[in-house]
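Biologist: I would like to learn how to read some features of a model. Please begin with the terms.

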Amino acid sequence: MRIARRPLTAVALATALAFPATALAADYPPANDPGKGPKNAPKGGTLKVCKKGCKYKKIQAAVDAAGKGTTIRVGKGTYKEGVRILSPKKDRVNLIGDPKNPDNVILEGKGLRGGPAQNGVLVNNADGVTVNGFHARNYKGNGVFVVNADGYKLTNLVAEKVGVYGLYAFNSKGGEMSNSEAFYNNDSGFYVGQTPPQAKPKRTTLKNLVAWGNVLGYSGTNSRYVTITKSKFFNNGLGIVPNVLESEKFMPHEDNAIVDNDVFWNNFNYYAAAPFALRKEATGVPYPIGTGILLFGGRTTRVENNRIWGNWLVGHGQVSQFLLKEENLSFGLLEGNQVRANSFGLEGGADKNGRDMFYDGSGSANCFENNSLQSPNTPTDNSTFAACPKSDGNAFNEGARNEALSWALDDTHEKFWVKGEHKPIDGITPLEHWTADYPRPEVK
Amino acid sequence: MRKARNIGLAALCAAGLTLGVAPAQAGKTSVKRTVEVGDYYFSPAKMTVKKDTIVVWRWPAGGGDGHDVVLRKGPSGVKKFASDVFFADEVYRKRLRVPGTYRIICSLHPDQMRQTIVVRR
């Protein structure tokens, strides 16, 4: 997510506070249909790509030769190319490397120029494509980028040190990201954005993901129908951040579910040191580093049964998106979000969050229930944390919002952390200030 | 020369060479005008050029979100064109031969990223 660098001025703040609690009716922009799902049976066929002894030595050459439903098997090795799957003629193409060990099939962006340097794999206007078993790294844009697709499956992938998003789906319906790892990406490890509103929604599932060392673990601008589950988000600047921005269509984000995840140690202060060059956009964005989950506006999202610990600023936060233009502020309001049955901190008081929950009370029908807490909330009087069910306006707390603004505007990004002791985890070293010898975690 | 590809949204995808808009020709002396493509703007957003000017849209090396260049509406006889979606360190060139008004958008961010180019005789 890229937040336009609109200063957090007193005017902006005052504008935001003028609409603290009431949802306003607004129409969606017209949907731009990314396409219909595959209907015909796959034509099939298998093409093989490898360094020696195969008909195809370049993946792109095989893609160019493929028809609908063709399976392309790619042998071990490093492929310096940006693969492009660009039309409905490539519907249901299966691009398969080494699902058991994606590190054996490298898509390398270093040294490439022009279009191929942008993405490891670009899927545009092709439905039902599978990308399985690759390690994409050093691209200027993304590891894998899917746009204008009805259905996709991105699985057993690794996305490392790309310019924007590790795995990225945009303006697409349905889909799956699973069993994948994203690290050292300049924006978010995983991203689903601008989901077209649908009368019969196709859900997108993100499952068994590992995101670490990114600016954000997951970002979803104006995303909807996304379920994030059984995944680990740790050692990012922030862990999971669904958000509402004007830069993309179909505001707000809604109907998402963040369920049964481990969200911990998201205290990576990439301003201090990072394995990637920070861009001016990144340094201009006041993300509150040290946050596990942050709902930045949005509605009807469930945050349930997650384990959230060791985030030095706050475990779960939510605040209306108050930086939108005045005519769009209604899209940014928090509405109907539910935070239930999450476990904050570890058993016995170990590895607490700096604060367990933050909510400024903006919007309406937001509720909290059966969360296991160990650290203080903001506000400390808990006045904004209404019990479920909740159907009317929440109690806005100006002091709480101002406190959160001070977190975001802190130049050190650590001043408001409340640090404790981390409980060690085998194979994972906490990451706050990156150094070149930081070991790639072994996630179990 | 970068061949336009099917990358824009919906009907904006018509790519390729056209009667009125042609890719830049190597070796031909031409006036060039550069446009920066950033998050979430074209700069300049409005400009006037002489016909046959080569417009060069440039994505800075530092990069940012993905953007493309899509002709939403042009003078009569000019077919739609579109660039790939690029993120960083890339250029897209078009020679604008036909006088008139060219309305450009980024198909990913059409509400924020709009550009008007007036081509004079």
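Modeller: Helices (H or I, at least four residues) and strands (E, at least two) are DSSP runs, numbered from the N terminus. This is a predicted model, in which local features need pLDDT of at least 70, side-chain atom pairs count only at pLDDT 80 or more, and totals for chains, interfaces and linings use all residues. Residues are numbered from 1 along each chain as its sequence is written, while chains are lettered from A and ligands numbered from 1 in the order in which they are written.

Biologist: Where is Tyr225(A)?

Modeller: Tyr225(A) lies in the loop between β15 (216-221) and β16 (226-229) of chain A.

Biologist: What is the phi of Tyr225(A)?

Modeller: Most residues other than glycine have a negative phi, and most peptide bonds are trans. Tyr225(A) is not a glycine, yet its phi is positive, about 60 degrees.

Biologist: Is Tyr225(A) buried or exposed?

Modeller: A residue is buried if 20 or more other C-beta atoms lie within 10 Å of its own, exposed if 12 or fewer, and partly exposed in between; C-beta atoms are placed from the backbone. Tyr225(A) has 21 other C-beta atoms within 10 Å, so Tyr225(A) is buried.

Biologist: What is the phi of Asp89(B)?

Modeller: The phi of Asp89(B) is positive, near 55 degrees. Asp89(B) sits in the loop between β6 (70-73) and β7 (90-96) of chain B. Asp89(B) counts as partly exposed because 18 C-beta neighbours are inside 10 Å.
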